[in-house]
Amino acid sequence: MYQHTTNPRVATADGIALALEVGACVENMEFMQFHPTTLFHPQLRSFLITEAVRGVGGTLRNHLGRRFMYDYDPRLELAPRDIVARAIEAEMKKHGTWCVYLDMTHLKPELIRHEFPTIYERLKRIGLEIEKDWIPVVPAQHYSCGGVVTDLDGRTSIAGLYAAGEVACTGVHGANRLASNSLLEALVFAEAAAEASTTDQWLPMSVDECPVRHCISEAESIRLRRALQRTMTTDVGIVRTSSGLREASAIVEALLSEYKSLPSVPYSQHPVETHNLLLAAQCVVDGALRRTANVGLHFNEDHRAVSE
């Protein structure tokens, strides 16, 4: 859904879209978590540079070499993810740059290699020696706190439909997930949903025929998806504005309408996933527009003085 993401290519909101199409309740999609530090590289796919790097003393610097977190939070690089991500975005906008830098050059090389062997080797393969070079980083979409609303046993608003994992909105993450809680949630609620599904009594739904999914050409699908990613990154990212959200809403609606109007072609996975992303994006934008106060991961500059 966004231009920069830590998610694998298969994470295209399919569960959200399927739930929407059968009328299940989906909420809190505006709470989109952005990880502050992922590798910025013009040719390579982003990967996450763990917060532990900042935990052992890694510092953030702008293109001028200045350690800018002094301007944003007394906790500096150890501030919560949303604060660090907003600070990085503000620095990038202030200087008109495409990334900031994570500096580990002041740390002992043996500590870096021992504590972060995977990051060390991956960056070395692309010519970055992190005991000598600054790492170019950029915030990236990381985790959705919203999703298909469930109870504590994974039941959704549709009888017989259960959800667990990132697709679900159980409420345990609130408006800003704590690191690593997603794995714990998936384990706990998957087991609860499995148990509930074996004991619940519900009438099976009768379906006359399987609906045919409208597919468009992959070339058109790629074009629409890139337009969506540009819009979501620009207007529904880390820092939002009311006018930007209204513009994004109109664009997403137009992209959905265009998708429906384009000629049908034989089934293909990419366009179906693009349609799923458009439906989920509509939920993100609508939720952000409805929220009139800044809370957790949702930050609207026009509501700066209002918080929950």
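Residues are numbered from 1 along each chain as its sequence is written. Because the model is predicted, local features need pLDDT of at least 70 and side-chain atom pairs count only at pLDDT 80 or more, while totals for chains, interfaces and linings use all residues, and side-chain values use heavy atoms, with hydrogens and water left out.

**Exercise 1.** Describe the largest pocket: its volume and its lining.

*Solution.* Start with the term: on a 1 Å grid over the protein atoms alone, a pocket is an open set of points where a 1.4 Å probe fits, with protein on both sides within 12 Å along at least five of seven lines, and lining residues have an atom within 4 Å of a point. Next, the volume (the space filled by probe spheres set on the points) is about 1,000 Å³. Among the 37 lining residues, Met-1, Tyr-2, Thr-5, Ala-11 and Gln-229 are the closest to the centre. Then look at the elements, which are DSSP runs (helices H or I, at least four residues; strands E, at least two): α7 gives the most, five residues.

**Exercise 2.** Which element gives the largest share of the lining of the second largest pocket?

*Solution.* First, find the place: this pocket holds about 330 Å³ of space. Of its 18 lining residues, His-4, Glu-89, Met-92, Val-138 and Thr-233 are the closest to its centre. Next, list the elements that give two or more residues: α3 (81–95), β5 and α7. Finally, pick out β5, which supplies the largest share with four residues.
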